[in-house]
Amino acid sequence: MDLKLSPTELAFRDGLRAWLAANIPPNWQAVYAALPGKTAQFEYLRQWQRKVYDGGWAGIAWPKEFGGRGATIIEQVIFTEEMARAGAPHLPGVLGLQLVGPTTITHGTGEQKERFLRKILSGEEIWCQGFSEPNAGSDLAALRTDAKRDGDQFIVNGQKVWTSYGWAADWCELVVRTDPDVPKHKGLTVLLVDMKSPGVDVRPLRQMTGETEFNELFFTEVKVPVENVLGKINDGWNVAIGTLMHERATLGAGIQIVIRRAFERIVELAKSLNKINDPLTRQKLAQCYAEIEVMRLNQMRAYSKMANGGTPGPEGSIQKIFWSELNQRFQQVAQEILGPYGQLTKGSDYAIDDGIWTYNYLRARGNTIEAGTSEIQRLILGHYVLGLPKSY
Amino acid sequence: MQFGLTEIQQLLKNSAREFFSAEYPIAEVRRIMETPFAHDPKLWRKTADQGWCGMTIPEAQGGMGLDLVEAAAAMEEAGRALVPGPLLAHLTACVAIASSGQVPPGLATGEKIATFADATKLFVMDAAVADFIIAPGQLIDRFTTLHLPAIDLTRRLYKIDFESGQPIQADLDRALAIGTVLLCAEITGAMQRVLDITVAYVKTRKQFGKAVGAFQLVQAMCADMLVATESARSATYYAAYAMQENLPDSLAAVSVAKSFINEAARQTGNNAIQCHGGMGFTWENEIHLYYRRIKAAETAFGDTAWHRERIAQLVL
């Protein structure tokens, strides 16, 4: 057990810190907020990713031969933490960098790697994931988006939902059914689909928070060349599950810092609202602190294990359950501290932090649903980790 | 950076598991808990001969001189076996006594047993079998004890009385922080055992023609026990490391672990009993022995509210 950073890790961190200090545009939040509309803002973030790429910091976990740095898991965690600590703009190609890229490196052909990986790193091409469907959520393998072989192409028909970045994406990692006559897990294939293909329709999906973070995707007679199959035909479940494991294991790293910062902010607010000496408030804040720490420590342990043993496994469900349910408890404590101010929304003259706490409270309800519901995570732990009989 | 046991630490933990599970099977624990002091001098001797009773005394003072992460790893295994008697009290008191620079003969080898007390003289663990009690500012070797029958059958509590002891310059606060970590390790081991027993049970117990572990409500309870146990382990080992390395957040880390484990362990015990159905409510089933240990641990070394207030003082 040694939690000190090694000389290599320290050098990595210091190099990154220096680069961030020199390259994050000063006062960028104000510049960003003043940009007219979502597209202009997205373009701003894309330029930032280009800068990160030119600096050699994009996709650091990827092997060097594909343009990464071959960074260790620990260096990835340092990267995520330092980006958050420095208040850097986020990378809009995050799904490509963290999910589609690594999956392509594992399962892709030489041509696919050549064609896609560089542009994922530079942000020139943005990716989304077409996984969930209206009738295939937790039971992902029941998905029905259909792909029929027609010579050297597939003809795709169907609908996807909950697609983050769908509106901005150039490409989609799409899971389709290529064989309806075999058990559901065995007839799936992953296709890499050009979002500009005729027949792809992207519609905004308005959430309970009022914003449109996600999209619905409709595919009508969309033609996808056979060379865009990722992995083997009808082996899509294995390809997709690898992506999901990455998602569960890595999502938490940034969230840990985000919740920590929110905790520090709510402590400040509790002080200015004269609630910091209230014993009940102190107990609740201390409980939040303890749980945020436990989340951080669970993650450190999991990353150390991955650093020794390779790919993320079903234990990632422990992290997913922990951070999502913790964030919901934390947002409730924040609401209790803010009292009636906690309900004021963006634009209210009296709203604290421009209504972000109201938004965060509502947004947290999605945490125990997205990337696998808490219920399905518990069943994954029950079956795959504890060895209990499969219940579904 | 590496959050986990080194190979050598893992070997030590393995040998602790081997020893404690071989020497303290649950039938033996039950036998010892029925004795007047929940203590078996012969088995204590055997445990001491392996060095386990001198874990927290530096080698220069005759002990095994384990660092705290190693001691926690060993205590996790002791907790898993529900080792009865004065091990935790003795190891904690030894940290305090060793900090004075003067370790009475026989303490490091376990021939003499120590425990600790605060000014209330109440809830003193295993005082009836102790030769020494360390209290704020003094080391007491002549005292009387009054047994306080309590929930944990494997670890006796007493009210003590004494005239006065030898003045001693010891860092009792640090010793109590270390004792808290050792208790957290012990409870983590107990949680792991309770989880293992429960998972094995729900795989074999059948109702409606299938193992009850196939039911999602049961599976979710087991999954929650797993999340709680792994989290307890993360919190414990970090607290051990932070104390060992004197990190700036070491006391906060101890309170994080203790306040978290108080709740996580109780919930894990609740789920274990519930998953066993009627069997979980019987005397014959061993779950209640662990549950009693877990419940008693909740108020030992500071209860949840006390540790949360300390976190508040340290970080707010």
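Two residues are in contact if their C-beta atoms, placed from the backbone, lie within 7 Å. I use helices (H or I, at least four residues) and strands (E, at least two) as DSSP runs numbered from the N terminus.

I note that this is a predicted model: local features need pLDDT of at least 70, side-chain atom pairs count only at pLDDT 80 or more, and totals for chains, interfaces and linings use all residues. Residues are numbered from 1 along each chain as its sequence is written, and chains are lettered from A and ligands numbered from 1 in the order in which they are written.

**Entry 1: helix H5 of chain B**

I looked up how H5(B) is enclosed. A residue counts as buried if 20 or more other C-beta atoms lie within 10 Å of its own, as exposed if 12 or fewer do, and as partly exposed in between. In H5(B), 12 of the 13 residues are buried, so the rest of the structure largely encloses this helix. Among the buried ones are Leu87(B), His90(B) and Ile97(B). Their cover includes helix H4 (68-80), E1, E2, E3, E4 and helix H6 (172-204) of chain B.

I then checked the length of H5(B). The expected span is 1.5 Å times one less than the number of residues. For the 13 residues of H5(B) this gives 18 Å, and the end C-alpha atoms are 18 Å apart, which agrees. After H5(B) comes Gly101(B), with a positive phi near 90°.

**Entry 2: the sheets of chain B**

I count two strands as paired if DSSP finds at least two bridges between them. One open sheet has four strands in the order E1-E3-E4-E7 (chain B), with mixed pairing. Strand E1 (114-116) and strand E7 (166-167) of chain B are at the edges with a single partner strand each, so one side of each has no neighbour in the sheet. Helix H5 (residues 87-99) of chain B packs on this sheet and touches E1, strand E3 (132-135) and E4 of chain B. Strand E4 (residues 138-140) of chain B pairs with E7(B) in the antiparallel sense over two bridges; there, Gln138(B) has Pro167(B) as its bridge partner.

I found another open sheet, of three strands, with the order E2-E6-E5 (chain B) and antiparallel pairing. Its edge strands are strand E2 (124-125) and strand E5 (144-147) of chain B.

**Entry 3: where chains A and B meet**

I read that the contact takes 37 residues from chain A and 39 residues from chain B. On the chain A side, H8(A) gives the most, with 15 residues.

Key
Axes fitted to C-alpha atoms, helices over the stretch in contact; angles between N-to-C directions.
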